[in-house]
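Please examine the sequence and the structure shown below.

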Amino acid sequence: MMRAWLKVSVALAVLAGPRAGLAAGNDDAPAKPLTEEAVNAATFQPPTSEADQDRPKQDEGKTDTDKKASAKKDDTKKDDAKKGDAKEDAAKKDDAKKASAKEEAAQPLTVKAQVLLDRAHFSPGAIDGREGDNYHRAIKAFAAAKKLPATDHLTKEVWDALQSGDQAPALKTYTITKEDADGPYVSRIPPKMEQQADLDALGYTSPREMLAERFHMSRDLLAALNPGKALDKEGTTIAVAGVEPMGTDKPKGKDLPQDPKVERISVDKTNRDVRAFGADGALLAYYPASIGSEEKPAPSGETTVKGVAFDPVYTYNPKYGFKGVKTKQKFSIRPGPNNPVGIVWIDLAIPSYGIHGTPEPERVSKTESHGCIRLTNWNARDLAKHVARGAKVDFTDD
């Protein structure tokens with residue numbers, strides 16, 4: 001990652017806390033073994049409703065003796081009902097625990113759907129196999145773009161559209177190389193930005209972190225798909241998401257922007273997403289995003305893209321006044337995927353504002369930013385490769 005460094009003055013702070021784990025489970029499907037075979041074989045099954053059955057009239061054909069016995073049973077049931085309240089409450093708590101445990105489990109079908117969404121350029125954020133907000137919003141955007149019935153859940157129509165023309169396996173096999181195993185890696189990224197300024201590079205901390213980001217995955221999902229495998233050993237064969245791996249090269253200016261060119265970007269502050277459009281108005285890509293905060297809200301109105309920097313140096317100016325940064329002196333943080341602005345900075349005409357990557361892709365749209373628009377590193381890089389200088393950027397609140 002550390003090649004030529006471009007120094008860019010930007011106004012963003014680091015997300016607080018560790019990277020998030022998996023997002024929410026499949027509501028309808030029970031937990032299933034998470035294997036490459038299970039994910040690739042997963043298919044959508046529409047929920048089935050139980051057929052209504054006619055219930056016989058309770059007293060029809062009964063004798064007086066039968067009716068008396070039935071009445072006695074009813075009285076007994078009423079007494080038992082009171083005793084059953086405590087049992088019912090306990091059962092509800094048990095069900096809630098089971099539901100919570102289910103939500104922690106990644107589902108093969110959800111993994112496959114997230115990969116298909118990613119390949120269709122409707123990013124669910126970090127592919128984690130769980131039904132989080134980013135996943136549902138990506139489905140909603142996809143359904144609207146394909147003119148399907150409005151939904152934010154997987155349906156037969158959505159599933160068929162996702163699979164139309166895309167029959168490649170959702171997961172693929174990857175063999176860890178010597179470069180993957182050797183790095184270089186940073187032993188630790190300190191939490192404070194002033195401390196980060198002392199590092200020679202803001203690289204990955206482990207092969208697991210690097211491989212997860214390369215294949216647009218959460219680290220937890222990568223580990224779950226490859227239990228017991230040495231991710232730091234050359235020659236290890238692992239299962240990864242079948243997406244275009246995030247590159248680390250620095251595109252030459254003469255080769256940018258790549259086709260299809262992005263001429264307009266829409267930043268929705270309410271729905272926390274970014275949409276890229278071509279010159280003809282066609283939607284080219286959808287990305288979840290963290291957009292501003294109460295402390296430093298994102299701008300409103302319209303602006304334009306001034307330029308793009310790959311592997312940017314982050315420069316902090318005390319006038320930004322970020323919470324938790326005590327120094328009164330300017331300082332710079334070296335490039336790398338764990339840089340406060342990730343691996344890409346898309347500069348906007350509004351001073352100190354930009355669209356950029358992040359060191360914590362699994363928290364995109366789930367936490368606030370210091371005014372700018374934060375995407376996963378792979379989504380920021382994708383947008384940066386296609387956006388034209390002078391492209392219009394509009395901020396909306398609904």
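Where does Thr376 lie? In this predicted model, Thr376 is found in the loop between strand E13 (373–374) and helix H10 (377–386). Thr376 counts as buried because its relative accessibility is 0%, and buried means under 20%. Leaving aside neighbours within four places in sequence, the residues in contact with Thr376 are Gly125, Gly357, Thr358, Pro361 and Val364. Two further relations of Thr376 are set out in the table.

| Pair | Relation | Distance |
|---|---|---|
| Thr376 and Asn379 | polar contact between side chains | 3.1 Å |
| Thr376 and Tyr287 | C-alpha to C-alpha, 89 residues apart in sequence | 8.6 Å |

The largest nonpolar core has 54 residues. Those that touch the most other members are Leu211, Ile265, Val274, Ile373, Leu375 and Leu383. Leaving aside neighbours within four places in sequence, Leu375 is in contact with residues including Val274, Tyr287, Ile355, Val364 and Leu383. There is also a second, separate core of 18 residues, with Ala42, Leu109, Phe142 and Val158 among them.

Two packed helices are described by the angle between their axes and the distance between the axes. Helix H4 (residues 133–145) packs with helix H5 (residues 156–163) at an angle of about 80°, and their axes are 11 Å apart. H4 is therefore roughly perpendicular to H5. On H4, the contact is made by Ile139, Phe142 and Ala143, and on H5 by Val158, Ala161 and Leu162. By class, this contact of H4 with H5 has six nonpolar residues, no polar residues and no charged residues.

Technical notes: Residues numbered from 1 in each chain as written. Predicted model: local features only at pLDDT ≥ 70, side-chain atom pairs only at ≥ 80, totals over all residues. Heavy atoms only, no water. Core = buried A, V, L, I, M, F, W, Y, C linked by side-chain atoms within 4.5 Å. Buried < 20%, exposed > 50% of the residue type's maximum accessible area, 1.4 Å probe, protein only. Contact = heavy atoms within 4.5 Å. Axes fitted to C-alpha atoms, helices over the stretch in contact; angles between N-to-C directions. Helix = DSSP H or I, 4+ residues; strand = E, 2+ residues; numbered from the N terminus. Parallel < 35°, antiparallel > 145°, perpendicular 65-115°, else oblique. Nonpolar A, V, L, I, M, F, W, Y, C, P; charged D, E, K, R; others polar. Polar contact = N/O pair within 3.5 Å; in protein donor to acceptor, adjacent residues only side chain to side chain.
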